[in-house]
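Me: Please take a close look at one part of this model and walk me through what is found there. A plain account will do.

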Amino acid sequence: MTAGRRNLGPTITMAHGGGGKAMHDLIDEVFVRRFGATGGREDQARLPLADMLARGDRLAFTTDSYVVDPLFFPGGDIGSLAVNGTINDLAMGGAIPLALSCAVIVEEGLPIDVLDRVAESMRRAADAAGVKIVTGDTKVVNRGAADKLFVNTAGIGVIGSGIDIRADRACPGDAVLVSGFIGDHGATILNARGELGLDAAIASDTQPLHELVQAMLEACADIHCLRDATRGGLASVLNEFARASQVRIVVDETQLPVREEVRGVCAILGLDPLYFANEGKLVAVVPETAARSVLEAMRTHPAGVDSTILGEVHASPTAVVTLRSRFGGERIVDMPIGEQLPRIC
């Protein structure tokens with residue numbers, strides 16, 4: 001049974017954000033019905049500290065907002081993207097994610113069935129990752145004040161003792177790894193907008209990465225750097241590492257995992273897949289002695305079957321990323337200037 005058949009009306013109205021019966025019915029029928037009432041319908045969720053202390057010695061906390069256009073696309077939607085994205089932000093510090101919040105800003109006139117579909121997608125994504133959505137908020141704005149639906153998710157997790165993953169820990173001699181094909185999400189969103197008219201079988205790579213990270217940590221507890229390559233793509237992440245650690249990172253073009261469909265989209269638009277967004281790929285910097293064992297651990301996990309060693313870290317020149325071409329030359333891979341693709345997450 002859809003939300004639209006549960007006496008909520010067919011579309012969102014300003015009354016659904018007014019704090020009265022219409023708003024409470026919307027929250028009950030769309031969100032509480034999906035996520036449960038973990039917080040006991042209070043204004044905050046209450047989480048036992050003992051459960052956290054049993055898993056680690058530091059709390060990880062993050063938040064992110066999602067404004068992707070279109071709301072639904074091959075491989076995912078704004079709901080699964082919001083859940084997976086926040087889980088991944090926690091995971092990149094080595095944290096085990098425990099709980100999420102969900103806040104939505106809804107434009108007046110949005111079909112309630114669309115909101116219900118997004119909430120169901122969030123529930124499925126959270127259940128698949130073993131994480132609870134424990135608190136939230138709903139706001140309705142006038143027509144034209146937002147584009148259909150914006151979602152914010154915040155998350156908390158626990159970092160285990162001895163884990164120290166930071167952008168400034170890349171060292172000369174370290175290996176650089178990536179967990180699979182790059183650029184899938186950015187190419188998917190662009191194609192889903194119908195601007196290219198391509199009949200390409202491209203799907204977003206949105207997925208949770210926390211279990212992959214835990215498998216990597218079992219192979220090497222001393223992972224130096226981790227980041228999921230979202231906006232700005234692989235190029236941005238590598239530059240962040242190089243600048244924070246004051247090192248040079250060299251990437252081997254022959255090891256870049258890029259699907260032919262993504263290469264095709266880039267060729268048509270004159271864009272570089274290094275800058276295309278991903279929503280389910282991570283970049284890791286690990287000691288060279290542990291590179292092979294970490295790679296093997298990554299390839300045994302479904303989220304890392306296409307992992308590869310992408311390059312290495314050098315001492316100088318500092319704060320730069322270079323790409324070693326298949327022909328033997330090198331070029332600088334700089335930070336992107338501006339946004340290649342708007343509204344991709």
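Reply: A polar contact here is a pair of N or O atoms within 3.5 Å; within protein, one of them must be able to donate a hydrogen and the other to accept it. The model is a predicted one.

Ser-121 is found in helix H4. A polar contact of 2.8 Å joins its side chain to that of Asp-77. Leaving aside neighbours within four places in sequence, Ser-121 is in contact with Asp-77, Gly-79 and Ser-80. Buried means under 20% relative accessible area, and Ser-121, at 4% relative accessibility, therefore counts as buried.

Helix H4 also packs with another helix. Two packed helices are described by the angle between their axes and the distance between the axes. For H1 (residues 21-35) and H4 (residues 112-129), the axes come within 8 Å and cross at roughly 20°. Angles under 35 degrees count as roughly parallel, so H1 and H4 are roughly parallel to each other. The crossing in which H1 passes H4 is right-handed. On the H1 side the contact is made by Leu-26, Glu-29, Val-30, Phe-31, Arg-33, Arg-34 and Phe-35. H4 contributes Ile-112, Leu-115, Asp-116, Ala-119, Glu-120, Met-122 and Arg-123. Sorted by class, this contact of H1 with H4 has 8 nonpolar and 6 charged residues, and no polar ones.

The loops come next. Most residues other than glycine have a negative phi, and most peptide bonds are trans. The peptide bond from Asp-69 to Pro-70 is cis, with omega near 5°. Pro-70 has its place in the loop between strand S1 (58-66) and strand S2 (72-73). The bond from Ser-316 to Pro-317 is cis as well, with omega near -10°, and Pro-317 lies in the loop between strand S11 (308-314) and strand S12 (320-324).

The loop between S11 and S12 also holds Ala-319. Ala-319 is not a glycine, yet has a positive phi of about 60°. Its relative accessibility is 28%, so Ala-319 counts as partly exposed. Gln-246, also not a glycine, has a positive phi of about 55°. Gln-246 is found in the loop between helix H7 (233-245) and strand S9 (248-252), and at 44% relative accessibility it counts as partly exposed.

Definitions and conventions
Residues are numbered from 1 along each chain as its sequence is written. This is a predicted model: local features need pLDDT of at least 70, side-chain atom pairs count only at pLDDT 80 or more; totals for chains, interfaces and linings use all residues. Side-chain values use heavy atoms; hydrogens and water are left out. Axes are lines fitted to C-alpha atoms, for helices over the stretch in contact, and angles run from 0 to 180 degrees between N-to-C directions. Helices (H or I, at least four residues) and strands (E, at least two) are DSSP runs, numbered from the N terminus. Angles under 35 degrees count as roughly parallel, over 145 as roughly antiparallel, 65 to 115 as roughly perpendicular and the rest as oblique. A crossing is left-handed if the near helix is turned anticlockwise from the far one by less than a right angle, and right-handed if clockwise. Contact means heavy atoms within 4.5 Å. Ala, Val, Leu, Ile, Met, Phe, Trp, Tyr, Cys and Pro count as nonpolar, Asp, Glu, Lys and Arg as charged, and the others, Gly among them, as polar. Buried means under 20% relative accessible area, exposed over 50%, partly exposed in between (1.4 Å probe, protein chains only).
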